[in-house]
Amino acid sequence: MGILAWILLGLLAGIIAKMVMPGKDPGGIIVTTLIGIAGGLLGGWLGKVLFDVDSVDGFFELSTWVAAIVGSLILLAAYRLLARRK
């Protein structure tokens with residue numbers, strides 16, 4: 001996937017993660033997008049390391065979306081915990 005596809009996937013995964021985990025976040029749409037992009041990368045990496053699957057097959061593959069959303073949820077939860085401590 002190209003960089004623009006990763007950005008779009010990250011944006012959408014971040015929005016979906018935000019809908020799954022509602023609540024007040026310290027960041028806005030930019031932070032949600034960055035968390036989504038990083039979450040997509042994290043999810044793909046975790047899928048490869050833990051389950052030995054290529055979870056980043058293509059933009060329209062279900063495994064790519066699940067990996068990106070799960071990674072975004074992990075990062076969103078971590079971000080909330082860190083931001084709450086300050």
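Which element gives the most to the nonpolar patch? That would be α1, with four residues. Before the details, a word on the model.

This is a predicted model, so residues are numbered from 1 along each chain as its sequence is written, local features need pLDDT of at least 70, side-chain atom pairs count only at pLDDT 80 or more, and totals for chains, interfaces and linings use all residues. Side-chain values use heavy atoms, with hydrogens and water left out.

**Overall layout**

The protein has three helices and zero strands, and from the N terminus on its elements run α-α-α. Helices (H or I, at least four residues) and strands (E, at least two) are DSSP runs, numbered from the N terminus. Of the 86 residues, 33% count as buried, where buried means under 20% relative accessible area, exposed over 50%, and partly exposed in between (1.4 Å probe, protein chains only). The accessible surface comes to about 5,500 Å², and 74% of that belongs to carbon and sulfur atoms; such areas come from the Shrake-Rupley method with a 1.4 Å probe, and for residues only the protein chains shown count as cover. Take the contacts (heavy atoms within 4.5 Å) between residues at least 6 apart in sequence: 74% of them join residues at least 24 apart.

**Two helices side by side in a table**

The expected span of a helix is 1.5 Å times one less than its number of residues.

| Helix | Residues | C-alpha span, end to end | Expected span |
|---|---|---|---|
| α2 | 23 residues | 31 Å | 33 Å |

Just after α2, D52 takes a positive phi of about 50°.

**The nonpolar patch**

Back to that patch: L8, L12, I15, M19, I29, I30 and L34 make a nonpolar surface of about 670 Å². The elements giving two or more residues to it are α1 (3–20) and α2 (29–51). Patches are made of residues with over 30% relative accessible area and no salt bridge, with like charges joined within 9 Å and nonpolar side chains (Val, Leu, Ile, Met, Phe, Trp, Tyr) within 5 Å. A salt bridge, for its part, is a side-chain nitrogen of Lys or Arg within 4 Å of a carboxyl oxygen of Asp or Glu.

**The inside**

The largest nonpolar core has seven residues: W6, L9, A13, F59, W65, A68 and I69. Both α1 and α3 (62–85) supply at least two residues of this core. A nonpolar core is a set of buried Ala, Val, Leu, Ile, Met, Phe, Trp, Tyr and Cys residues joined through side-chain atoms within 4.5 Å. Leaving aside neighbours within four places in sequence, A13 is in contact with W65, A68, I69 and S72.

S72 belongs to helix α3 and counts as buried because its relative accessibility is 1%. With neighbours within four places again set aside, S72 touches A13, G14, A17, I35, G36, G39 and G40. Other buried residues of α3 include T64, A67, G71, L76 and R80.

In α2, the buried residues are T32, T33, I35, G36, G39, G40, G43, G44 and G47. G43 is buried because its relative accessibility is 7%. From C-alpha to C-alpha, G43 and L75 are 9.8 Å apart in space, though 32 residues apart in sequence.
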